[in-house]
Amino acid sequence: MYRLLIAVLILSWFCLTAHAQNDLVISNVRVFTGQEQIEKASIVVNGGKITQISTAPATGRVVIDGEGKTALPGLIDSHAHIFAATAGVTEAETRDFVRTKLQERLLAMVRYGVTTVKSLGDPTDIILQVRRELRESKLSGPRMLVVGPIFTAVGGHPATSPVCQGDSWCRSTTAAEVATEADARRIVGRLADQGVDGIKIVYSGGVREGIEMKKLAKPVMEAIVDESRKRGLRATAHVVDEPSSLEVLAAGAWGIEHGPGEPLTSNALIDALMKPPRSYAPTLYGNTRNNPALFQVKARTVTQAYKAGVRIIAASDVSGAMPPGRALLEEIQLLVKAGLPPEAALRSATSLAALHVGKEKEIGSLAPGMMADIRAGKSAGEHCGPVPNLPGHSERQGCLQR
Ligand SMILES: [Zn+2]
């Protein structure tokens, strides 16, 4: 993918060859580092890593003139469903999806500048194979982070919700239904041994499309979070109400996803997200794009949390017919609509998202030592989609991925 995109960039943009040892220089470019903007900078890349960003000119074997363009870190979608609710429900449908549709969906993400994706609720063996093939460049697409199945109660979402339509293979691979603390610890341990990148918990109940969803017992949820921490994995939790959000954060969860659908009743949740710092991924696109009333409620909570300094994460919850890649851009736009300044919304999909998925030392920022995971473009660029109206930012984007 890296070579392909470099080639496209070279074909698309003016470049020249110089007798210097730097692999690549993007010169004269506006840089959004993941934190702030630098005007007319040069980004120097060697061995796939950024070695320098400065306003001093630099030379390299390949120089891309970045005049009129903006470079920013590759975007990170930290809540996506590559398989669950996307690939069908039966094993045969899922394997057919891998053969016929997966590659195009992965490429769509990169076209929109999404260079890292965390996928939730997938058949562990298949998603690990996909991650391996992406690493080995047998598949082209974003960097893949995986959690395998989603921890839930026996009879909880997504095991018995409409996601699996009663299919037993889907149920057993999309969800890890756990009844006891011992089961919880054993399965976290097994997933850790298999090499997952994080743990995902559903901690909500209620009725969905007429089906009653069971909720994890609190001690079992606490055991999942505790065992994840012991195994060096960050556990995040699907929650939809304030008390459950407070319980998972008290247990030590790294962040909450979706979050309350009702107005906050006090400052308790904001305080719990701040001390110690935890993530809040409201998944506005996935949850509210067809529900303006819910958007208004969640927008107020997002603004309140942002103003208090909470780490807001842009995460699309893309699945099924939602457009991969574009869904994250929609999420960024919705965060802006909810009240975040454009630069803050971009931080939510870059530097803060990297911290959320535990990759902050490699991706999410443009700085020396970071991977050359760069999204750059100009108004006539062919790749990727629009980003929010960052002051002076171009409408269409190009990508450079490592
Ligand atoms: Zn989801």
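Q: At what angle do helix 12 and helix 13 pack, and how far apart are their axes?
A: Helix 12 (residues 326–338) and helix 13 (residues 342–349) pack at about 140 degrees, with axes 9 Å apart. Axes are lines fitted to C-alpha atoms over the stretch in contact, and angles run from 0 to 180 degrees between N-to-C directions. This is a predicted model: local features need pLDDT of at least 70, side-chain atom pairs count only at pLDDT 80 or more, and totals for chains, interfaces and linings use all residues. Residues are numbered from 1 along each chain as its sequence is written.

Q: Why is helix 12 called oblique to helix 13?
A: Under 35 degrees is roughly parallel, over 145 roughly antiparallel, 65 to 115 roughly perpendicular, and the rest oblique. The angle is about 140 degrees, so helix 12 is oblique to helix 13.

Q: Which residues make the contact of helix 12 with helix 13?
A: Helix 12 gives L328, I332, L335 and V336; helix 13 gives P342, A345, L346, S348 and A349. Contact means C-beta atoms, placed from the backbone, within 7 Å.

Q: What makes strand 2 and strand 3 a pair?
A: Pairing needs at least two DSSP bridges. Strand 2 (residues 24–32) and strand 3 (residues 37–46) have six, and run antiparallel.

Methods:
Helix = DSSP H or I, 4+ residues; strand = E, 2+ residues; numbered from the N terminus. Contact = placed C-beta atoms within 7 Å.
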